[in-house]
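Have the viewer open as you read.

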Amino acid sequence: DATWIEPAFAGSIFARATVSPVVTNSPVVTNNPTGGVNLEANVGSVALNGTVLLTATGGNGTYTWSSVRFGRLDTSFGNDTPIYTRTNGTSSDSETITASSGGDSDSVRIEFD
């Protein structure tokens, strides 16, 4: 809603927009029924050069991460919240990442777009 004023001319401007709701990805959750380590990913699939935030809970709080084949795992922001970056692979590939702690482990599988 605005007003436009010029010499010898004035008018009102009204606008209405329809905005789609925000699209969010449901997290892929793989629960460990024994109450040990729980690993979650913020998305279920990732494009080339895309990233996925992983969150580990449970265990003794110190996590060991599996090696990855099609990217890299950056734990510099916290050992319980690494960021996986896909740097390789095709849409027919996927990456399974495992977090281990205190003798328990949990895994998530990330599909590739």
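Buried, for what follows, means under 20% relative accessible area, exposed means over 50%, and partly exposed is in between, using a 1.4 Å probe and protein chains only. This is a predicted model, where local features need pLDDT of at least 70 and side-chain atom pairs count only at pLDDT 80 or more, while totals for chains, interfaces and linings use all residues. Residues are numbered from 1 along each chain as its sequence is written, and side-chain values use heavy atoms, with hydrogens and water left out.

Start at Ser-101, which sits in strand 10 (residues 94–101); strands here are DSSP runs (E, at least two residues), and helices are H or I runs of at least four, numbered from the N terminus. With a relative accessibility of 3%, Ser-101 counts as buried. Who is around it? Leaving out residues up to four places away in sequence, Ser-101 touches Val-37, Gly-58, Gly-59, Asn-60, Gly-61, Thr-62 and Tyr-63, where a contact means heavy atoms within 4.5 Å.

Now for the core. A nonpolar core is a set of buried Ala, Val, Leu, Ile, Met, Phe, Trp, Tyr and Cys residues joined through side-chain atoms within 4.5 Å. The largest one here has 17 residues, and Val-52, Leu-54, Trp-65 and Tyr-84 have the most contacts inside it. Strand 4 (38–41), strand 6, strand 10 and strand 11 each supply at least two of its residues. Click on Leu-54 and you'll find that its contacts beyond four places in sequence include Leu-39, Trp-65, Leu-73, Tyr-84, Ile-97, Val-108 and Ile-110.

On to the rings. Rings of Phe, Tyr and Trp (its six-membered ring) pair if their centres lie within 6.5 Å; planes under 30 degrees apart count as stacked, over 60 as edge-to-face and the rest as tilted. The structure holds 2 such aromatic pairs. Tyr-63 and Trp-65 make a tilted one, at 6.4 Å centre to centre with 50° between the planes, and both residues are buried. Phe-70 and Phe-112 pair edge-to-face, at 5.7 Å and 85°. Phe-70 lies in the loop between strand 7 (64–65) and strand 8 (71–74) and Phe-112 in strand 11 (residues 104–112), so this pair ties together parts 42 residues apart in sequence. Phe-70 is buried at 13% relative accessibility, and Phe-112 is buried at 5%.
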